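Dear colleague,

Please find below the structure that I am handing over to you. My notes on it follow directly after.

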Amino acid sequence: MPKKTNFNIPKEVSYVTETLQKAGFEAYLVGGCVRDLLRGEKPKDWDVTTNATPEQIVSLFPKTFYENKFGTVSVVNESATADEDETLRNVEITPYRMEAKYSDKRHPDSVSFTNNIEDDLKRRDFTINAMALEAVSGKIIDLFDGQKDLKNKLIKAVGGPVDRFSEDALRMMRAVRFATELGFNIEDNTLEAIKRLASSTSSVMDKIAKERIRDEFIKIIMSKNPDKGMDILRETGLLKFVMPEIEEGFNVEQNKDHIYDVWTHSIKALKHSADKDFPLNIRLAALLHDVGKPKSRRRDEKKKDFTFYGHDVIGGKMSVKILARLKFPKKDIDTIAKLVRYHLFFSDVEQITLSAVRRIVRNVGPENVWDLMKVRFCDRIGMGRPKETPYRLRKYESMIDEAMRAPVTVGMLKIDGARIMEIAGEKPGPRIGFILYALLEEVLDDPTLNTKEYLEKEVIKLSKLPDAKLKKIGEKGKDTKESKEKKEIEEIRKKWWVK
């Protein structure tokens with residue numbers, strides 16, 4: 001990869017490096033931001049390393065915070081640019097440092113500061129993250145051929161991969177994440193080290209907090225190609241530390257409606273969710289929607305085919321356990337489990353009733369019903385079907401729209417029959433209905449009239465009318481309601497291109 005000297009470095013970052021240099025210290029950009037700059041990408045964050053101590057760093061800047069034992073000082077920027085770009089609000093500065101062993105497989109037991117940047121770069125995880133850039137001159141310190149690995153699109157551990165992963169086992173997940181996000185391959189020795197450590201009887205991964213595993217897994221799932229990440233997790237043996245239940249679907253043959261096994265189908269559904277840039281909950285539901293199939297699979301000898309009765313119910317329960325184990329928030333667990341549990345909603349739109357659609361809306365919640373449709377689209381594409389939204393799914397969307405529209409009924413009024421009898425002295429009978437429909441017509445014309453005070457005054461007036469006149473007004477209100485309802489439904493069906 002050719003050396004670049006003209007990097008687009010924000011003034012907030014240059015201010016930090018230049019301030020350090022003017023005070024007589026060395027200052028380099030380091031880590032992921034250098035990797036991203038060399039790839040021509042905008043860095044997600046900015047990290048600076050220096051031979052200054054934390055106390056010296058703090059003394060050079062007007063606003064900082066320093067609350068850790070690893071020497072990292074955050075410089076707070078309050079410029080207009082920083083307000084627009086969150087990556088510039090805090091620029092982290094860390095002194096050159098060396099680290100002792102990682103007893104907890106997460107943090108070094110101790111750190112010591114050094115005046116040698118080479119010592120600092122040796123402790124980093126992968127060669128593409130172990131480069132330092134002197135911002136003004138464009139000088140790059142690259143001890144481990146990180147630029148070469150960038151060019152060859154390789155994720156390679158710094159030094160001995162077993163040593164790096166034994167220090168912090170989460171680096172194995174990070175290797176998969178970087179390969180997924182960047183579209184790179186994992187270098188052979190690094191890959192073999194991951195497989196070896198993941199398959200060992202007492203794996204170093206067992207000591208990693210589930211929250212850390214979850215966070216790396218989310219980044220894999222939220223990448224553009226999560227299917228690649230899932231395949232690498234399975235091939236390396238790391239998936240058993242994340243979602244072993246998903247791996248149970250590998251090579252599990254399905255019924256004649258499917259051309260893929262359960263694993264492949266689920267991964268293709270996940271990939272479609274990424275192609276559509278769906279949010280995390282939908283992606284996880286797409287991945288987990290058939291997680292219950294291996295446990296529910298039965299052979300129907302009569303049909304000479306497999307059945308998966310109840311896999312939606314089983315999958316919903318399994319999803320709760322899987323996501324709880326990974327410490328996902330309860331709200332997200334509940335939502336994803338509902339999407340998995342109800343992903344098998346009716347597909348025959350000629351037989352399904354509007355009341356059945358309303359039950360689906362009630363079960364998953366109005367706020368989740370459209371996400372349920374998105375999961376169904378992913379399911380369909382995962383089956384190898386050519387269209388995401390065939391007619392029957394569009395018809396179902398139309399029925400959901402109908403079921404969720406504001407009801408044009410007397411039930412929407414801020415008054416009911418019991419209150420009418422109470423304030424007007426009316427007895428049970430047809431007159432109550434006529435009064436309600438007369439009130440409904442007024443409210444349909446002007447929704448602001450739907451108040452308790454106004455309707456009660458109108459009830460007193462209407463109750464004084466003779467039966468014939470009240471009936472005429474009430475029937476007119478009923479006709480208005482039916483006409484409005486018909487028009488709304490026609491508009492909804494036109495919107496979805498269905499009849």
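Lys153 sits in the loop between α6 (146-152) and β10 (154-155); helices (H or I, at least four residues) and strands (E, at least two) are DSSP runs, numbered from the N terminus. The model is predicted, so that local features need pLDDT of at least 70 and side-chain atom pairs count only at pLDDT 80 or more, while totals for chains, interfaces and linings use all residues. Residues are numbered from 1 along each chain as its sequence is written, and side-chain values use heavy atoms, with hydrogens and water left out.

Most residues other than glycine have a negative phi. Lys153, however, has a positive phi, near 55°. Its relative accessibility is 45%, and Lys153 therefore counts as partly exposed (buried means under 20% relative accessible area, exposed over 50%, partly exposed in between, with a 1.4 Å probe and protein chains only).

Lys327 also has a positive phi, near 65°. This residue lies in the loop between α16 (311-325) and α17 (330-341). Lys327 counts as partly exposed because its relative accessibility is 44%.

Phe113 belongs to strand β7 (residues 111-113). With a relative accessibility of 40%, Phe113 is likewise classed as partly exposed.

Yours sincerely,
A colleague
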